[in-house]
Amino acid sequence: MTQITPTAGGLTNRVIGDGGPWRVLVVDDEETIRLALSKFLRTRGYNVQTAESGTAALDLLHRGKYVLMLCDVRMPGLTGVELVPRALAVDPELAIVMLTAVNDAPTAAEVLSAGAMDYLMKPIELSDLQQAIERVLHRRDLAFEQRNVERLIREEVALRTAELE
């Protein structure tokens, strides 16, 4: 199937299994930020859903597949820091970009070591956000392809081993 892949220069097609625009989840407790980010992402061709809390985000992740989650670090209840490992437990292929208004190196290190792929400071220039999204989606694709190649190699080794035995 053909999938629409947003890029800085516009939309390009790519072959992938599920078709349609990439689904992005925006998680932030501030409605104005959720609305601004979702509007920007929709103009770039993404299919965007929003969640006002970590708990609501987990519910959406359990109900559907997303390729990317943009997530605020500090939210009441389940924080973005706590959400990262739980989100990746639901979908290990989810690319996560953290957004925060507070420059806090220990928190950045914590979420990046938990599996987030990038950590951006608010307010963020939309061009910088687009570049970060493209970067993490590219890294996600590379990791997916690497796992496929490794699986094919394991299968080939098993087949050749069985033939030799």
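Which residue forms a salt bridge with R160, and how far apart are the closest N and O atoms? The partner is E156, and the closest N and O atoms sit 2.7 Å apart. Keep in mind that this is a predicted model.

Both R160 and E156 belong to helix α5, four residues apart, or about one turn of the helix. As for solvent, E156 is partly exposed, at a relative accessible area of 34%.

Now for the wider picture. The salt bridges come to twelve in total. Here are three of them, side by side:

| Pair | N to O distance |
|---|---|
| D118 and R135 | 2.7 Å |
| R140 and D141 | 3.9 Å |
| R160 and E156 | 2.7 Å |

Take D118 and R135, whose side chains meet at 2.7 Å, N to O. D118 is in strand β7 (residues 118-121) while R135 is in helix α5 (residues 126-164), so this pair ties together parts that are 17 residues apart in sequence.

What else are R140 and D141 linked with? They are part of a network of salt bridges that also takes in K65, D91, E93 and R147.

Terms used: Residues numbered from 1 in each chain as written. Predicted model: local features only at pLDDT ≥ 70, side-chain atom pairs only at ≥ 80, totals over all residues. Heavy atoms only, no water. Salt bridge = Lys/Arg side-chain N within 4 Å of Asp/Glu carboxyl O. Helix = DSSP H or I, 4+ residues; strand = E, 2+ residues; numbered from the N terminus. Buried < 20%, exposed > 50% of the residue type's maximum accessible area, 1.4 Å probe, protein only.
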